[in-house]
Amino acid sequence: MDAGGRALNQSAMLAYLRSVTLLREKVPSFDQYPFHLPAVSAMDGLDFHPKVTYIVGENGMGKSTLLEAIATALGFNPEGGTMNFSFATEETHSKLHEYIRTVRGVRKPRDGFFFRAESYYNVATNIDRLDAEGSFGPPIKESYGGKSLHQQSHGESFFSTFLHRFSGNGLYIMDEPEAALSPYRQLALLRRIHDLVQEDSQFIISTHSPIVMAYPDSIIYNLTNEGVERSTLEQTDHYMITKQFVNNREAILRELLADDEE
Ligand SMILES: Nc1ncnc2c1ncn2[C@@H]1O[C@H](COP(=O)(O)OP(=O)(O)OP(=O)(O)O)[C@@H](O)[C@H]1O
Ligand SMILES: [Mg+2]
């Protein structure tokens, strides 16, 4: 495989989203956001696993920028939600989606959701607003567990969405789904991902959680200052640092908290 993330051939036909390609010849300049990010400038394209693809890497490497471009190119609202949501509270979205080509599979997903932890509050507000306006159908909140997402705790509202709104045969793009979840709920999320994968769903997930990134039938792309590279779970900083900390907490804390003059 090359450094740009071209990795998969096997069963790629089953994926709803098979790959994205950067249309390099269209890019006006690689000097400014978002094209200056190494994950973009050094990338030709990415092949997606038909079940789960992880996008990981240090803060600021471009994971959200990349996921947002993929989701927007597919027709999702850049702030998140289903394809039907068209609200906009911020206009800070990059134009990257205009410079990528998505290659879709032969099968079409029946469900889809772009879950962004950082703007999920806005999605919840939009659902409440639409329900207050009323419509002929049942309230939208019925699809999210029957209770306004604002009346649930942060983690409860996340989990309600995964449990009730994600219905299978879907393409789910998730940016830091672990943000409000306890470790126990992160394990439960893995189980939920497994159930939905068995119901013909595909996931593209950006995460910092070594638990959430542990689904076995998956591929991990690590975004670095060099570009995009394929990784195993054990090779990720997230896994290694967590493991070292749990196993050697006292020694690590001693070094971390040592006074400079010592
Ligand atoms: N609208 C914007 N305009 C200019 N620069 C931006 C914009 N949004 C993000 N950036 C910059 O692009 C880089 C990548 O941001 P991005 O949010 O994609 O990172 P990330 O990998 O998702 O990080 P994190 O793990 O912290 O969520 C950062 O350095 C950020 O400051
Ligand atoms: Mg991010």
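## Around ligand 1

In this predicted model, the shell of residues around ligand 1 splits into 3 nonpolar, 7 polar and 3 charged. There are 13 residues around the ligand, and those that come nearest are Gly 60, Lys 63, Ser 64, Thr 65 and His 208.

Several side chains place a polar atom beside the ligand. Thr 65 has one 2.6 Å from an oxygen atom of ligand 1, and Glu 176 has one 3.1 Å from an oxygen atom of the ligand. How much of ligand 1 does the protein bury? Taken alone, ligand 1 exposes 640 Å², and the protein buries 60% of that.

## Helix H2

Two of the ligand's nearest residues, Lys 63 and Thr 65, turn up again when you look along helix H2, where both are buried. H2 covers residues 63-74, and its end C-alpha atoms are 17 Å apart; this agrees with the 16 Å that its 12 residues should span at 1.5 Å a residue.

The helix is mostly covered, with 10 of its 12 residues buried. Besides Lys 63 and Thr 65, the buried residues are Leu 66, Leu 67, Glu 68, Ala 69, Ile 70, Ala 71, Thr 72 and Leu 74.

All 7 of the 7 residues of S8 (residues 218-224) are buried, so the strand is largely enclosed by the rest of the structure. In a regular strand the side chains alternate between the two faces of the sheet. You can follow this along S8: Ser 218, Ile 220, Asn 222 and Thr 224 point one way, while Ile 219, Tyr 221 and Leu 223 point the other way, and all are buried.

S8 pairs with S3 and S9. Strand S3 (residues 52-57) runs parallel to S8 and is joined to it by 6 bridges, with Val 52 standing opposite Ser 218. Strand S9 (residues 227-231) runs antiparallel to S8, and 5 bridges join the two. Here Asn 222 stands opposite Glu 229. S8 and S9 form a hairpin, with 2 residues between them.

Helix H4 takes in residues 154-165. From its first C-alpha to its last, this helix of 12 residues reaches 16 Å, close to the 16 Å expected at 1.5 Å a residue. Its buried residues are Gly 155, Ser 157, Phe 158, Phe 159, Ser 160, Thr 161, Phe 162 and Arg 165.

The loop between H4 and S6 holds Asn 169. This residue has a positive phi, near 50°, though it is not a glycine. Is Asn 169 buried or exposed? Its relative accessibility is 19%, so Asn 169 counts as buried, the cut-off being under 20%. Strand S6 itself (residues 170-175) includes Leu 171, which is buried with a relative accessible area of 5%. Leu 171 and Pro 50 are 121 residues apart in sequence, and their C-alpha atoms are 9.9 Å apart in space.

## Backbone spots to look at

Most residues other than glycine have a negative phi, and most peptide bonds are trans. With that in mind, a few more places deserve a look. Tyr 33 and Pro 34 are joined by a cis peptide bond, with omega about 0°. Pro 34 is found in the loop between strand S1 (17-22) and helix H1 (38-41).

Asp 200 is another residue with a positive phi, about 60°, although it is not a glycine. You will find Asp 200 in the loop between helix H5 (183-198) and strand S7 (202-206). At 38% relative accessibility, Asp 200 counts as partly exposed.

## Asp 44 in its loop

Asp 44 lies in the loop between H1 and strand S2 (45-47). This residue is partly exposed, with a relative accessible area of 38%. How far apart are the C-alpha atoms of Asp 44 and Ile 205? They are separated by 20 Å, and the two residues are 161 residues apart along the chain.

Note on methods
Residues are numbered from 1 along each chain as its sequence is written. Chains are lettered from A and ligands numbered from 1 in the order in which they are written. This is a predicted model: local features need pLDDT of at least 70, side-chain atom pairs count only at pLDDT 80 or more; totals for chains, interfaces and linings use all residues. Side-chain values use heavy atoms; hydrogens and water are left out. A residue is near a molecule or strand if one of its heavy atoms lies within 4 Å of it. A polar contact is a pair of N or O atoms within 3.5 Å; within protein, one must be able to donate a hydrogen and the other to accept it, and residues adjacent in sequence count only if both atoms are side-chain atoms. Accessible areas come from the Shrake-Rupley method with a 1.4 Å probe; for residues, only the protein chains shown count as cover. Ala, Val, Leu, Ile, Met, Phe, Trp, Tyr, Cys and Pro count as nonpolar, Asp, Glu, Lys and Arg as charged, and the others, Gly among them, as polar. Helices (H or I, at least four residues) and strands (E, at least two) are DSSP runs, numbered from the N terminus. The expected span of a helix is 1.5 Å times one less than its number of residues. Buried means under 20% relative accessible area, exposed over 50%, partly exposed in between (1.4 Å probe, protein chains only). Two strands pair if DSSP finds at least two bridges between them.
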